[in-house]
Amino acid sequence: MKKLSKYPILLFLYSAAALFILSYCKGEKQQPISEDLGSVKKEILKTNSEFEKQIGELTRLVSGNAEEKTIQQKFEELRKTYKGMEWAIEYFLPYSARFINGPALPEIEMDEHTEIEPEGLQVLEEMLYPYDKANKDEVIRFLTKLSSKSNAISINFQAITIDRSQTFDALRQEVFRISSLGISGFDTPVSGTFLKEMPYALEGIRQTLEQIATDQSKDKALKRINLQIDTTISILKKNNDKNTFDYASFIPDHLNPLASLLLDFQKQEKIENVDVTTALNKNAATFYSKNAFNPDAFSPGKQYAYSEEKAALGKKLFNDKILSSNNNRSCATCHIAEKAFTDGLPQSMSLGNTALARNAPSLNYSGFQHGQFWDMRKDDLEGQSSDVISNKDEMHGDLHTILSKINQDKNYQSEFKKIYKTSQAETWQLQNVLASYIRSLATFNSDFDDYMRGNKSAMTQNQQKGFNLFVGKAQCAICHFLPLFNGTVPPTFKKTEQEVLGVAINGENKVFDQDPGRGRFHETVATLQHSFKTPTLRNINKTAPYMHNGGYKTLKEVMNFYNKGGGKGFGFKVENQTLSDTPLQLSDAEINDIIEFMKALDDR
């Protein structure tokens, strides 16, 4: 629902990811690179050499005052070349990837409260579509920076060691990247050329699989993969118009089978899994497989690992008023199961029966986020629970007093002892069981999930039309990422995004809402002012009213806000708005179809 190239990402997350990759690339358990994997590296370096050559050609065109169409054609060639090696750069050199094909918004150093200038293909895309020759010097400056990053790939990729398991894992991630970010136009929000680029990413996967496959696999699993890729590319070449493309058929008929065939290839080749905890389970054939996601990837550590016993105990406490100061309120007071764990009010009510500042967010799927509350002030669910319990306006509980009451209750004492093997319940354990219950609220059993698992009758024709609009013309999926439909970015799911929408106090869109959101904690960072976490759209039909302030009564009001171009579209001065202010030009019928699709996201 926005021009994607306008959102902030935390620099330290990319740095951590780079260190993480290098650490297990050099682990003692990894085998030395084989001759075959040497050829894989050689091919990536060859592609990168072509990439750098094309940067030079584009620089010369811009310097020579070439026409806009010529420059754009060369730029599209450059992007296609990058797509051929994207699987490797994103996986092995994530920091480089960020500055080559990351969004065109400043990086934010949270500790220093500073911003770093964005660069890369998305910055150039915004400058070239349309292209103003008055910006020639700036375009050349960013092309020079891009050339420097390409040179860094040559140096860094030669320095790392990769093995067969990592290569396969990287290829599998690329299939999932295509199935979420690629299919939505995540990195081409202005030009919209993503369907034309996708075949090049698929060819990069095919070529590398052939390099790591044995002769036996080439006659079986790999042959089936190649046939699937051929069919998939054929579909993309027949229609690459993002506004008329049939995403609703393409994903279950082509991308999901390709992801599933990769697991067959892995089994036949006897390729071991990379020993790293990830959000997507290693045995998940597709994004939409049952039990595809691992909640432990979002917990603070191993001792916080999810279990059904923890969730069951957490459910009891969630519904017990023992957690409030006067035993008069439970978590369930403001998070009602029948309303997808919201309360149905514009703003929740305080203990004193006055309206709080914000709407109660749904707890469904909140376990798959890095950042809790609308302003993301807590990193995880463990921290979230203690914040609510101790808040004087919400529950006004004291954790020490609560633990004393729990430890005096024989039933609770027995259950904590059984789970944690301690004689007394501790604060972190109370937080953990509550968080575990909330993590259990992600059931992935909607009509949409059923449809993606192969039941084509699970969604109506209007819902299928709505999904096509959701991914295509309306651009909703570049913020609400498939398959979680929240701001946690696939395929690694290592960060959760916030957005600046320019929300009004209500659906009349006449008065701007002054809530600083995440900016409250970063007053000197302009980019974060009025920014809020992107929540999941799963069960959205049950969670009215909407937005952080509960000011929008219906999904129709929400869609009208997006259709107009957010706050800027209504005349608000929101210089840091991340939502594109370009009107979507959706008809009433199209809006109704999108709303019908969102109803298919209700869990049964």
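In which helix is the place of Asp 449? Asp 449 lies in helix H17, which covers residues 447-452. The model discussed here is predicted. Asp 449 counts as buried, because its relative accessibility is 1% and the cut-off for burial is under 20% relative accessible area. When neighbours within four places in sequence are left aside, the contacts of Asp 449 are Tyr 288, Phe 444 and Arg 538.

A contrasting case is Glu 308, in helix H12 (residues 308-318). Glu 308 has a relative accessible area of 62% and is therefore exposed, since the class begins over 50%. Between Glu 308 and Glu 508 there are 200 residues in sequence, and their C-alpha atoms are 45 Å apart in space.

The largest nonpolar core holds 128 residues, and the members touching the most others are Phe 92, Phe 265, Phe 448 and Phe 467.

Helix H3 spans residues 68-92 and helix H6 spans residues 136-159; their axes come within 12 Å of each other and cross at roughly 45°. The crossing of H3 with H6 is left-handed. On the H3 side the contact is formed by Leu 78, Met 85, Ala 88, Ile 89 and Phe 92, and on the H6 side by Leu 146, Ile 153 and Phe 157. By class, this contact has eight nonpolar residues, no polar ones and no charged ones.

Another helix pair is formed by H13 (residues 381-390) and H16 (residues 427-439), which pack at an angle of about 110° with their axes 8 Å apart. H13 is therefore roughly perpendicular to H16. This crossing of H13 and H16 is right-handed. H13 contributes Leu 381, Glu 382, Gln 384, Ser 385, Ser 386 and Ile 389 to the contact, while H16 contributes Gln 431, Asn 432, Leu 434, Ala 435, Ile 438 and Arg 439. The residues of the contact between H13 and H16 comprise five nonpolar, five polar and two charged, whereas the contact of H3 with H6 has no polar and no charged residues.

Definitions and conventions. Residues numbered from 1 in each chain as written. Predicted model: local features only at pLDDT ≥ 70, side-chain atom pairs only at ≥ 80, totals over all residues. Heavy atoms only, no water. Axes fitted to C-alpha atoms, helices over the stretch in contact; angles between N-to-C directions. Helix = DSSP H or I, 4+ residues; strand = E, 2+ residues; numbered from the N terminus. Parallel < 35°, antiparallel > 145°, perpendicular 65-115°, else oblique. Left-handed = near helix turned anticlockwise from the far one by under 90°. Contact = heavy atoms within 4.5 Å. Nonpolar A, V, L, I, M, F, W, Y, C, P; charged D, E, K, R; others polar. Core = buried A, V, L, I, M, F, W, Y, C linked by side-chain atoms within 4.5 Å. Buried < 20%, exposed > 50% of the residue type's maximum accessible area, 1.4 Å probe, protein only.
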